[in-house]
Amino acid sequence: MPVPNDGQTIAASWNALVNDTPEDNIFADYWLLNSLKQGSSFKGIAGGDIITVSLEYAMNGTVGFYSDMETIPTSRSDVFDRAEFSWKECAGTIAQSELEDAINQGSAKKFDLLDAKLKNLRHTLDDVLNASLFSDGTGTSGKELGGLQLLIDTTPATGSPGTINAANFSFWRNQEASGVQTTSAFDNLRSTMRNMYNSASNGYAGKHPRYAVTTQTVFQGFEGLLTINERFTDKASADGGFKNETLKFKGSAISYDGDCLAGALYFYHPDFLKLGYLKGHWYKMTGPIRPANQTADVYQVSARCNLYATNRRMLAVVDSIT
């Protein structure tokens, strides 16, 4: 495989010490993955062949008004069921030869080559998983995660995420609205965001979307709509109280992610959208393993996980944003 210049062994071991770690020229900040790895969104599950989510999906059909001695219905009302999500697996390996160990030592050692390789592998897993978190679950012959395009669908009455047919059961549909412009760019964005935020909220005193993720283009379009409302009283206010890549809409922290579907903005709450993983199998490393016919060690890092929803009607997408 071609390399940009001299290759990793030489890069790790030159004598003129310029920096003590490789400078990252590849990886991005993964807003969706990082937000899901916080708090209640990140769910360790102790075993089981699938992820199961218990659902309350209907009211008791026997409840109603009656008169004096009139009979009250006694038929059984089915009000509970469950959604089911399969485990998905993602893994990668690194190899470290004895020659690399020998070169990468002593005064010639610029940085720890093995440690740097492992960090690169973990960051690569971040990159692959984050992209899959936005997918519809059909990639790599259906082996990928069932991502936002599946769980917060732009056509909510289609598909069967969690093995529940959304066409047949309206309770299992996320909120959706188009943000296409009427006359000028992003002129319908804020009103549609307001509609989706409120539609994905459980009443005034209930739970509201806590996060929103979109593309850089839409993020900048939303940011541009805020300029007429700016009022700076100090530097913290001028910065909006957030890092420069994060804004707020009502109660939702908004940022952009390079893997997001073009023209889409997703609202979600950690109680209703979760990244589940098998305990002991989140970025699990095994090794070193020595192949019988090589003077090298192989290390493997793997994850067994999936994205799943507990309440799709509390999730929302603004799509076709222009």
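Modeller: Happy to, and the questions and answers below go through this predicted model step by step.

Colleague: Which strands stand at the edges of the open sheet of six strands?

Modeller: The strand order is β5-β13-β9-β6-β8-β7, with mixed pairing. Two of these strands have a single partner each, so one side of each is left without a neighbour in the sheet. Those edge strands are β5 (175–178) and β7 (247–249).

Colleague: What angle does the direction of helix α7 make with that of β5?

Modeller: Helix α7 covers residues 189–199 and packs on the sheet. It touches β5, β7, β8, β9 and β13. Its direction makes an angle with that of β5 of about 170°.

Colleague: Which residue of β8 stands opposite alanine 212?

Modeller: Strand β6 (residues 211–214) pairs with β9 in the antiparallel sense over four bridges, and there alanine 212 faces phenylalanine 267. With β8, strand β6 pairs in the parallel sense, over four bridges. In β8, the residue opposite alanine 212 is isoleucine 254.

Colleague: How many of the five residues of β8 are buried?

Modeller: Buried here means under 20% relative accessible area. Strand β8 is largely enclosed by the rest of the structure, because the number of its five residues that are buried is four.

Colleague: Which residue in the turn between β7 and β8 has a positive phi?

Modeller: β7 and β8 pair in the antiparallel sense over three bridges, and lysine 248 has alanine 253 in β8 as its bridge partner. The two strands form a hairpin with two residues between them.

Colleague: Is the ring pair of tryptophan 31 and tyrosine 211 stacked or edge-to-face?

Modeller: The ring centres are 6.2 Å apart and the planes meet at 75°. Planes over 60 degrees apart count as edge-to-face. The pair is therefore edge-to-face.

Colleague: How many residues apart in sequence are the parts that this pair ties together?

Modeller: Tryptophan 31 is buried at 12% relative accessibility, and tyrosine 211 is buried at 13%. Tryptophan 31 lies in helix α2 (residues 31–36), while tyrosine 211 lies in strand β6. The pair therefore ties together parts whose separation in sequence is 180 residues.

Colleague: Is phenylalanine 171 buried or partly exposed?

Modeller: Phenylalanine 171 forms a tilted aromatic pair with tryptophan 172, at 6.1 Å centre to centre and 50° between the planes. Tryptophan 172 counts as buried, at 1% relative accessibility. With a relative accessible area of 23%, phenylalanine 171 is partly exposed.

Conventions: Residues numbered from 1 in each chain as written. Predicted model: local features only at pLDDT ≥ 70, side-chain atom pairs only at ≥ 80, totals over all residues. Heavy atoms only, no water. Pairing = 2+ DSSP bridges. Contact = heavy atoms within 4.5 Å. Axes fitted to C-alpha atoms, helices over the stretch in contact; angles between N-to-C directions. Buried < 20%, exposed > 50% of the residue type's maximum accessible area, 1.4 Å probe, protein only. Phe/Tyr/Trp six-rings, centres within 6.5 Å; stacked < 30°, edge-to-face > 60°.
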